[in-house]
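Welcome! Here is a short briefing to read alongside the sequence and the 3D view.

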Amino acid sequence: MTPAPSIVVIGGGPRGTGVIERVAANAGELYGDRPLDLHVVDPHPAGGGRIWRPDQSPLLWMNSMAEDVTMFTDETVGLAGPVVAGPALDAWAEDVRAGRITPDADPAVLAEIHGLAGADFPTRRLQSAYLRWTYERALAALPPGITVHEHRTTALAVTGARGGRQRVRLQGSPEPLLADLVVLTVGHLDAEQDPEQRGLADFARRHALVHLPPDFTADSDLDALRPGEAVIVRGLGLAFVDLMVLLTEGRGGRYEAGEYLPSGREPVLYVGSRRGVPYHAKIGYPWTGDHPPLPQHLGPGWAEELLSRTGPLDFRRDIWPAVAKELGHAHYHRLFTAHPDRTALAHEVFAEKYAAADPGSPELAGLIAEAVPDPADRLDLDALDRPLDGVRHDSPEDLQEALRAYITADLARRHDPEHSEDLAVFLGLLSAYAQLIRLGDIGSWWHGFFSYLASGPPGPRLQQLLALSRAGVVRFLGAGLTVETDEEQGLFRARSATVPGAYTEARALVEARLPDPSLRHTASPLLRGLRDGGAAVTDDGLLAVDPADSRVLDDEGRPHPRRFALGPFTTARSSGAFTRPRTGGPAFRQNDAAARAALTFLRDLSCRGRLAS
């Protein structure tokens, strides 16, 4: 008997779940009732995967409100396949409370669900329950001819000729899975240490110090950080926020009336970064009124023109000017329509002149100065990106006061609808991200800038950071942070450009960030095998994929007919596997295109007879 065609999805987290949801949505049209074996490979429970697994601290939150999280498509997503509506996280919680949905969750998580409001920031373990339910719903929607097989293990390698079945080697299994098609949705993976990190680790071993390299914070060995000791922390993004929480509340500290009461088990965190400031807080008010028309300057025609050019694109020269003008369009459209008392020119006049002016030109700057009298109402992306550039303080204590004032002002502004032009810029960032994905690998700066402005922590986390600073548990180091090693004293030493001449010494160093999603330093034997087996890898170490359907490209630019890849390790990386409702969902669009291409391939394979192994 001829075996059924088979597809192996490697990675059962939200991205893999999204692909399976799109397989279910498109199977009726493209595959019919034909038999198909669908294998899901992940050492962690499918749905949440590693990052969103259920067994993590209830102190760890999402950085999105419940009403801003969905795993389901809507009419704003540019799909070839059908839209299949489903509840956002807050609506799902309401369905659970009403008894319409019964999730597989322990009593503590069920209690969280029953108390969840749309503007709350859920715990990650609550999100895990939503993702697991989404996964199970996707399986239930598959046609009866599709049989699902789960493998709670790690995929070690994918081999096989382009024209034949692929072999997926699994940890702990003597025989490989045979696959007609493989989809890699492995998400964030561990990395081998780069030369700098190896040097720091070797130094720490020689002197019996603590060095925690880039990692998912929930998996780091935080027990190695002793109470009361100084710890240099490099990074002020979301990984730092997790670190801060686990080393304070996670060690028995608590907040009362806006102040932090230490348990005595906390280390002292000396923290800095390239920018020297935390990510901007999530905006804490809803949108009202009309949205700015987006995209305005980054439409499909703009992207097509860039893609038609010969030679590599330079982000700063070829892309950033148009992005900056797009974000300015969103900002000023909102300012003129929602806060006209702060403008000095008719909106129609300004909009016409703004559209005609070249990005970054003196004419554009002059128009903005004329139309927006208060410089505080003008969009200054350079100042937003590097607020401490050129700022110097005479002492570390001066810096503490200045950073607390900066964070306090940022919190106030991000929760004040009188500055709703900030929310318009956020929408502009989402729109721009969706367009820039089409351009492939454009370097890492844009992704960091997007996260810094659009994907920061909940406001309450920055309130906690202020309290920790006042309590002396967190000490700010400033911008341009560098870390040196002192062989004679056996210590790490941190310096910052913000306080010239000052330095901090410690016996512990933590790199508060995820590893770079680079195949050049990946610890995954699966991705190393693809890299060494002829798959194309960019200068930044990303796996090159076809932007049309996410097929893996080889060194000659040819799409592999049987291998697909989606996620942060690819040139088509997007801002997340789930998204805010009604914002276009670029990851959903990619999932749909890959699923349709996969189903079409498997259907044609089934119809014309199986190819030889």
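This is a predicted model: local features need pLDDT of at least 70, side-chain atom pairs count only at pLDDT 80 or more; totals for chains, interfaces and linings use all residues.

Residues are numbered from 1 along each chain as its sequence is written, and side-chain values use heavy atoms, with hydrogens and water left out.

**Arg 596 and its setting**
- Arg 596 belongs to helix α17, residues 586-608; helices (H or I, at least four residues) and strands (E, at least two) are DSSP runs, numbered from the N terminus.
- With a relative accessible area of 16%, Arg 596 is buried; the scale is buried under 20%, exposed over 50% and partly exposed in between, using a 1.4 Å probe and protein chains only.

**The open sheet**
- An open sheet is formed by 6 strands in the order β3-β2-β1-β7-β19-β18, with mixed pairing; two strands pair if DSSP finds at least two bridges between them.
- β3 (146-151) and β18 (551-553) stand at the edges with a single partner strand each, so one side of each has no neighbour in the sheet.
- On average, neighbouring strands of this sheet are turned by 30 degrees against each other, direction ignored.
- Strand β7 (residues 181-184) pairs with β19 in the parallel sense over 3 bridges, and Val 182 has Arg 563 in β19 as its bridge partner.
- Helix α1 (residues 14-30) lies across β1 (6-10), β2 (36-41), β3 and β7, and runs at about 165 degrees to β2; axes are lines fitted to C-alpha atoms, for helices over the stretch in contact, and angles run from 0 to 180 degrees between N-to-C directions.

**A helix pair**
- The axes of helix α9 (residues 347-356) and helix α10 (residues 362-371) come within 9 Å and cross at roughly 165 degrees.
- That makes α9 roughly antiparallel to α10, a word used for angles over 145 degrees, while under 35 is roughly parallel, 65 to 115 roughly perpendicular and the rest oblique.
- Phe 350, Lys 353 and Tyr 354 in α9 meet Leu 364, Leu 367, Ile 368 and Ala 371 in α10.
- The residues of this contact divide into 6 nonpolar, no polar and 1 charged; Ala, Val, Leu, Ile, Met, Phe, Trp, Tyr, Cys and Pro count as nonpolar, Asp, Glu, Lys and Arg as charged, and the others, Gly among them, as polar.

**Backbone points to look for**
- Most residues other than glycine have a negative phi, and most peptide bonds are trans.
- Ala 208, in the loop between α5 (195-206) and β8 (210-212), has a positive phi near 55 degrees and is exposed, with a relative accessible area of 63%.
- Arg 582 has a positive phi near 65 degrees; this residue lies in the loop between β19 (559-565) and α17, and is exposed at 51% relative accessible area.
- The peptide bond from Leu 294 to Pro 295 is cis, with omega near -5 degrees, and Pro 295 is found in the loop between β12 (268-272) and α7 (300-307).

- Ala 405 is in helix α12, residues 396-414, and counts as partly exposed at 46% relative accessibility.
- The C-alpha atoms of Ala 405 and Arg 53 are separated by 37 Å, and the two residues are 352 residues apart along the chain.

Note on methods:
Contact means heavy atoms within 4.5 Å.
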